[in-house]
Amino acid sequence: MMHLGTLPHVLAAPAPAPTLEDFNQIIWWMVLLKVGIVFVFLLLMTMFMIWAERRVIGRMQSRPGPNRAGPFGLLQPIADALKLPLKEDIIPRGADRLVFIVAPIISASIAFIAFSVIPWGPEVSIFHHQTPLQLADLPVAVLLILAMSSIGVYGIVLAGWASGSPYSLLGALRSAAQVISYEIAMGLAFVAVFLYSGSLSTTAIVNAQQHEWYAWLLPVSFVIYLFTMVGETNRLPFDLPEGEGELVAGYHTEYSSMKFAMFYLAEYINMVTVSALATTLFLGGWRAPWPLSLWSGANSGWWPLLWFLIKVLILLFCYIWLRGTLPRVRYDQLMAIGWKVLIPVSIVWILLIATVRAWRLDSHSPAPYVVFGFVIVLIVILVWAWDNAAQQRAMKYAGADADASDLSDLAEARLAGAAGSAFPVPPLDLPHYHGVDLGADPGIEAGASPSDTSPKEVTGA
């Protein structure tokens, strides 16, 4: 019989780290139980995020946010969830009916599948059965998440095409271009993690961060992933597929009732998934942060589930913070960040990490660190030179535009100023809005005396 004095030491012993072989021994009802837990967890996280986003942004904007339904407005997401199925389900007359219905199902179902390989904790006892706190794992689990995000965009593209609306189609095309540009940078950010962990399994990556998180070892990859996770989920400041200012609501403009709810659900589930993936790859997964890691029982039992949820909620709060503080970028800026900044920096960083990793495995000489510092200095010099050249080009173009804008006609000057800008922004106040003839003196209306120079409003009469 075990002595009672040894019981605390047994409970404090760290749980064994799961491996791929552990998932081959799970019984069928345990798999179904985990599927139900993941499904309910993602639904609850979606409802919580909707409430938290409205409350936090309301706090940032000095307004209360939802505060009527339940204490602190906690029942507001439930009221919204009950309202959406009761709204009228409209299918446009010119829409492709089958594709219009299938598109939101694709987006929602793919969002649930992507979370299946995320580890929430080590092995625990559930109904006297030892099982890892993870639904499934694969030797290429991270690639499965990338594949699911790629397939998920099909739902958006099909929704925009099947709606028969130019606004929806433009939003869908924007989303496809955005996913391509940002997913390349995201995949490149993962490569450095694969080089250090030696595996593409999420379980193995968490086990490899037992002593040090990859957010500190690979800070550039971590920052690049933070940019790409915002672009992948179409959230501010990168929510161009839903740009309300020019596309009304983007790819789901024509959707209502439960079909719209599926797109809404997919967006928030994807936010939870990419935040959980960032936690898994860069923040140690379910492992406790320092100094909690000094406690011998921090990474055993059900405590790791708490650390995992705290890390995910911190990243989700950053989503809300960005939405409440940053404006939407222009589409050319969005694509320039992806193709001209994130992807080149990712390629240079991977080459650097691969070189240092190979040298560290072969020898313990200080040469890799010297090369590392040299490459960092070289990157800084290149960035400075590129920024200086860009500023000089901007000053040159500004001078050329100033010389070309010396026009006597006020209307022509306004039009030339709009056409000569870097981005095609229409003039704020065209003369013909006030009944001024563009071909005549801008201060004189057609048929009016020269003394009558006040602008007049154009009406339908």
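**A Walk Through the Predicted Model**

Phe127 sits in the loop that joins strand β1 (121-126) to strand β2 (129-133); helices (H or I, at least four residues) and strands (E, at least two) are DSSP runs, numbered from the N terminus. This is a predicted model, in which local features need pLDDT of at least 70 and side-chain atom pairs count only at pLDDT 80 or more, while totals for chains, interfaces and linings use all residues. Residues are numbered from 1 along each chain as its sequence is written, and side-chain values use heavy atoms, with hydrogens and water left out.

Phe127 is not a glycine, yet its phi is positive, at about 55 degrees. Its relative accessibility is 60%, and Phe127 therefore counts as exposed (buried means under 20% relative accessible area, exposed over 50%, partly exposed in between, with a 1.4 Å probe and protein chains only). Ser62, in the loop between α2 and α3 (76-86), is another residue other than glycine with a positive phi, here near 60 degrees. Because its relative accessible area is 71%, Ser62 is exposed.

The protein as a whole has 15 helices and two strands. Of its 461 residues, 40% are buried. Contact means heavy atoms within 4.5 Å. Among the contacts between residues at least 6 apart in sequence, 74% join residues at least 24 apart.

Two pairs of helices show how parts of the chain pack together. Axes are lines fitted to C-alpha atoms, for helices over the stretch in contact, and angles run from 0 to 180 degrees between N-to-C directions. By class, the contact of α5 with α6 holds 13 nonpolar, six polar and one charged residues (Ala, Val, Leu, Ile, Met, Phe, Trp, Tyr, Cys and Pro count as nonpolar, Asp, Glu, Lys and Arg as charged, and the others, Gly among them, as polar).

The second pair brings together helix α2 (residues 28-60) and helix α12 (residues 303-325), with axes that come within 10 Å and cross at roughly 45 degrees. At that angle, α2 is therefore oblique to α12. From α2, residues including Phe41, Met45, Phe48, Glu53 and Ile57 take part, and they meet a set in α12 that includes Leu309, Leu313, Phe317, Ile320 and Arg323. The residues of this contact between α2 and α12 divide into 14 nonpolar, two polar and two charged.

Glu53 of helix α2 deserves a separate look. With a relative accessibility of 3%, Glu53 counts as buried. Beyond its neighbours within four places in sequence, Glu53 is in contact with Arg235, Tyr268, Ile320 and Arg323.

The nonpolar interior comes next. A nonpolar core is a set of buried Ala, Val, Leu, Ile, Met, Phe, Trp, Tyr and Cys residues joined through side-chain atoms within 4.5 Å. The largest such core has 74 residues, and within it Phe190 and Tyr225 touch the most other members. Helix α11 (residues 257-282) gives the most to this core, with 12 residues. Tyr225, leaving aside neighbours within four places in sequence, is in contact with Met186, Ala189, Phe190, Val274, Leu277, Ala278 and Phe282. Another core, of 11 residues, lies apart from the largest one, and among its members are Ala162, Ala172, Tyr251 and Phe263.

Ser221 belongs to helix α9 (residues 219-232). Its relative accessible area is 0%, so Ser221 is buried. Setting aside neighbours within four places in sequence, Ser221 is in contact with Ala189, Ala192, Phe282 and Trp349.

Two peptide bonds complete the tour. The bond from Leu236 to Pro237 is cis, with omega near 5 degrees, and Pro237 is placed in the loop between α9 and α10 (244-247). The bond from Trp290 to Pro291 is likewise cis, with omega near 10 degrees; Pro291 lies in the loop between α11 and α12.

Conventions
Angles under 35 degrees count as roughly parallel, over 145 as roughly antiparallel, 65 to 115 as roughly perpendicular and the rest as oblique.
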